[in-house]
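Dear colleague,

I am handing over the structure below, and after it you will find an account of what was found. Please read the two side by side.

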Amino acid sequence: MNLKRNYKILPFNQFDKNFFWIFISSGALIGFLPPCPGTFGSLGGLIIFWFLKKFSLIYQLLLTLGIIAIGTISSTLVSKFSKDKDPDFVVIDEFAGMWISVVGKNTLIEYILAFIIFRIVDIKKPYPLKMVEKLPHGWGIMIDDIIAGILTNFFVTFLIYIAKYLSLI
């Protein structure tokens with residue numbers, strides 16, 4: 001797959017020069033998978049975090065803060081040198097949002113619910129998400145998914161609580 005030909009993101013010399021940041025911001029090039037890079041990015045983030053769920057809550061939070069920091073830096077740089085406010089191939093925000101969605105979660109049902117709810121919230125972008133997306137560069141790219149992740153984590157916790165209360169699970 002020739003990434004340079006599939007996406008008109010940068011002149012060839014800039015693509016090569018900035019490959020490290022493109023690699024990070026695209027979630028190890030997952031963002032270049034057509035037709036729905038955001039969904040693939042969310043799924044990639046979910047799968048990676050499945051293997052991190054054994055860590056304590058503190059470590060999960062620290063790793064999530066780390067991906068938020070790295071994501072903000074890499075998406076800022078990529079949006080600047082690509083001259084695109086929110087390039088389609090940048091999916092590190094989906095990784096971060098998905099990780100926030102499943103922090104403290106342990107079961108497969110919680111992960112599946114988180115994935116579905118996160119994708120709906122991220123695609124529909126209810127009021128606060130649409131507004132914060134207008135922030136400049138990396139913050140605009142990352143913050144809507146961070147908020148979507150927080151909302152998703154809350155909804156999953158609430159739904160699991162209700163399901164347990166009603167003896168459904």
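Glu94, Gly97, Met98, Ser101 and Val102 in helix H6 meet Tyr111, Ala114, Phe115, Phe118, Arg119 and Asp122 in helix H7, where contact means heavy atoms within 4.5 Å. Sorted by class, this contact of H6 with H7 has 6 nonpolar, 2 polar and 3 charged residues (Ala, Val, Leu, Ile, Met, Phe, Trp, Tyr, Cys and Pro count as nonpolar, Asp, Glu, Lys and Arg as charged, and the others, Gly among them, as polar). Helices here are DSSP runs of H or I with at least four residues, numbered from the N terminus.

Before going further, please note that this is a predicted model, in which local features need pLDDT of at least 70 and side-chain atom pairs count only at pLDDT 80 or more, while totals for chains, interfaces and linings use all residues. Residues are numbered from 1 along each chain as its sequence is written, and side-chain values use heavy atoms, with hydrogens and water left out.

The axes of H6 (residues 92-102) and H7 (residues 108-124) come within 9 Å and cross at roughly 135°, which makes H6 oblique to H7. Axes are lines fitted to C-alpha atoms, for helices over the stretch in contact, and the angles run from 0 to 180 degrees between N-to-C directions; angles under 35 degrees count as roughly parallel, over 145 as roughly antiparallel, 65 to 115 as roughly perpendicular, and the rest as oblique. The crossing of H6 and H7 is right-handed, a term used if the near helix is turned clockwise from the far one by less than a right angle.

H7 also meets helix H4 (residues 37-50), and the axes of these two come within 11 Å and cross at roughly 155°, so H4 is roughly antiparallel to H7. The crossing of H4 and H7 is right-handed. On the H4 side the contact involves Gly38, Thr39, Ser42, Leu43, Leu46, Phe49 and Trp50, and on the H7 side Leu108, Tyr111, Phe115, Phe118 and Arg119. By class, the contact of H4 with H7 has 8 nonpolar, 3 polar and 1 charged residues.

Turning to the aromatic residues, a search of the whole structure finds 8 aromatic pairs (rings of Phe, Tyr and Trp, the last by its six-membered ring, pair if their centres lie within 6.5 Å, and planes under 30 degrees apart count as stacked, over 60 as edge-to-face and the rest as tilted). One of them joins Phe20 and Trp21, whose ring centres are 5.0 Å apart with planes at 75°, so the pair is edge-to-face. The rings of Phe32 and Phe89 have centres 4.9 Å apart and planes at 15°, and this pair is therefore stacked. Because Phe32 lies in the loop between helix H3 (19-25) and H4, and Phe89 in the loop between helix H5 (57-82) and H6, the pair ties together parts that are 57 residues apart in sequence. Both Phe32 and Phe89 are buried, that is, under 20% relative accessible area, whereas exposed means over 50% and partly exposed in between (1.4 Å probe, protein chains only).

Some details of the backbone remain. A cis peptide bond, with omega about 0°, joins Pro34 and Pro35, and Pro35 is placed in the loop between H3 and H4. His137, in helix H9 (residues 137-165), has a positive phi near 50° although this residue is not glycine.
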